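Morning, everyone. Please look at the structure on the screen, and we will go through a cavity and then a helix pair.

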Amino acid sequence: MSVAHADDADDYSRPTGETYHAEKALPSGDFYTGQWRDNLPHGHGKYLWTDGCMYVGEWHRGKTMGKGRFSWPSGATYEGDFKNGYMDGKGTYIDSSGDLYRGSWVMNLRHGQGTKSYVNGDCYDGEWRRGLQDGHGRYQWKNENHYIGQWKNGMMNGNGTMIWSNGNRYDGSWEDSAPKGNGTFRWSDGSFYVGVWSKDPKEQNGTYYPSTSTGNFDWQPQQVFYVDLSECVVCTCQRIPVLPSQKMPVWYGSSSEQSSSGNRTKSSERPRRRSVDGRVSNAEMELRNNGSGYLQVDDTESNRSPLGPLRIQPAKKQGQTISKGHKNYDLMLNLQLGIRHSVGRPAPATSLDLKASAFDPKEKLWTKFPSEGSKYTPPHQSCEFKWKDYCPVVFRTLRKLFNVDAADYMLSICGNDALRELSSPGKSGSFFYLTNDDRYMIKTMKKAETKVLIRMLPAYYNHVRACENTLVTKFFGLHCVKLTGTAQKKVRFVIMGNLFCTGHSIHRRFDLKGSSHGRLTTKPESEIDPNTTLKDLDLNFLFRLQKKWFQEFCRQVDKDCEFLEQERIMDYSLLVGLHFRESSCNNSATPTSGARTPTGDNRPSRGEMDRFLLDASKLASMQLGINMPARVERTVRRSDAENQLVGEPTGEFYDVILYFGVIDILQDYDISKKLEHAYKSMQYDPTSISAVDPKQYSRRFRDFIFRIFVEDT
């Protein structure tokens, strides 16, 4: 990263806003020539770095913005659209080996529609996601073999067709660039083989149909894996050596250093150090404890927000550990014994194409757990109980669909670490438990909720299978513990994914429905902490998503709401968690709030964002609603609008990582909700209450969500 001192006498003699041609030899040895305004490159210009990198193109207030060409000393070049220093938009990249990509980019990553031509003669044309082939695409090898179908993380995955140059072809399911599941292999002479495919010969099963009586009966399906596909290797993309956004200089003496009165900073004053996007550096932030356990950014006049500093408390681990003596200790032991039995029970390999009988409400397994143990169960210290698995094949397949490893699943729930009980039950009366590693949440269920989940299970399964990025809750198991003896108590519970299982602290969390009646937290401000779930009328942010994310978000919310509406579900919420990125940049273990720039341009610094995007583990975990870098804009409600759902934007921005998903999807519009709607409609505005018809609920929910989630322009 270059540090550019751009303030010379000629600059200060120019009127503010005048654009002129300048040549700047910088102390670092870098050189700029081109249009200049207010001590910054603005217009068309060329920047040459001492290491041989060069950019020629459009600038906007010191940032590469618009059309341009970046070249590396290795010979690699990118020509196309830039946005805030990133390769973003349409562009062509040719690497040092000669491989060429032409298509869409988002923040330095191939993302969208694009074509990649490899120097060895291979070619891919299709969809990309986060730098890898993902979606629908066509790959052709130099020997004219070609694949047309679905991709995931740079590999053939999903439904697709491979056609060999000799006329043979395979149509069916793929996984990790190999046939897996149902498929048909056809020879050019008309013979074909139909069956279930797998690299494991034990799982391979099918029938060969020769075109004539003299067919090749010695042929084995494994030949497809080890012979036919041996030359069909997908080429990888060469890594970009240094990203253009990492080369952008820090401009000292720029117009951003002007005082609030519009006068330039005096040359005798030392400019405040800023990150590459113009924000005050973390090293220059003065943090102070205000005595309440909060930390806040120094609100000197240049930094002060009209709303006051955004205060962030350190996040604490939720829940009380269930140890011996806890009233639910035996229940936890029962649950862990049952899960270990259900998941560890030997079962045949299952296809993702389930039979209708697997979803039958009568499809359940009872197992008795006597204290002394039995042929199938171990001895235990708890009282005798019965264990019920609902639709076990369906939930086993859902865990497979959600890429949950059986051993990890058992270790999280049934390992040596105890579960944690959340401090208070939900509004429904259900209790919530968290695994020690925060991966899974266990919720006790009413009988009515259990019936709803079993009823909607076929539609739920089809929906999550069709929508990889669905935001609805992920369910991993549905069970029941029945205590024997006089009590005969039944406890039903569902195991779900925990939306906030992350290495980042969640500093704010909101439960959003789009209604206003009763949608304000009852806690006094002094008691609100990062574990407090705030509601619609507490919301004081707009969520700004990058264009591609925003488009994907809108599509998925529509699909999820249509599914819930069809299943007559209402009263669901969008649970949103915010991690303020400035707090993670500070070396202190205590989070701090994000600093607000006087210009309101508070984007993540390029170095931080590039490291975030290129970190392999973060990149793999980044998806819609999980680990998403974004910006939020603070809002304020008018004093005369008591139930105003969306406040007025203030221009005060914070860099965040977002987590969100649709929760509480097991409430159907039953007689109790219809009565609640009729009763409350007589007392309050019918549009403000939560209990409304699923169609109206879906429409109101979407209208609200699309007002608070907007495209970051």
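From which domains does the lining of the second largest cavity draw at least three residues each? Domain 1 (20-227) and domain 3 (502-582 + 621-712); the bounds come from an automatic or database domain assignment. This is a predicted model, where local features need pLDDT of at least 70, side-chain atom pairs count only at pLDDT 80 or more, and totals for chains, interfaces and linings use all residues. Residues are numbered from 1 along each chain as its sequence is written, and side-chain values use heavy atoms, with hydrogens and water left out.

Now the cavity. On a 1 Å grid over the protein atoms alone, a cavity is a set of points where a 1.4 Å probe fits but cannot get out, and lining residues have an atom within 4 Å of a point. Twelve residues line the second largest cavity. V106, L109, H111, W549 and M622 lie nearest its centre. Helix α8 (547-566) and strand β10 (109-117) each supply at least two lining residues; these are DSSP runs, helices H or I of at least four residues, strands E of at least two. The largest share, three residues, comes from α8.

Next, the helices. α4 (residues 329-344) and α6 (residues 406-414) pack at about 175 degrees, axes 9 Å apart. Axes are lines fitted to C-alpha atoms over the stretch in contact, and angles run from 0 to 180 degrees between N-to-C directions. So α4 is roughly antiparallel to α6, the word for angles over 145 degrees.

Key: Angles under 35 degrees count as roughly parallel, over 145 as roughly antiparallel, 65 to 115 as roughly perpendicular and the rest as oblique. On a 1 Å grid over the protein atoms alone, a cavity is a set of points where a 1.4 Å probe fits but cannot get out, and a pocket is an open set with protein on both sides within 12 Å along at least five of seven lines; lining residues have an atom within 4 Å of a point.
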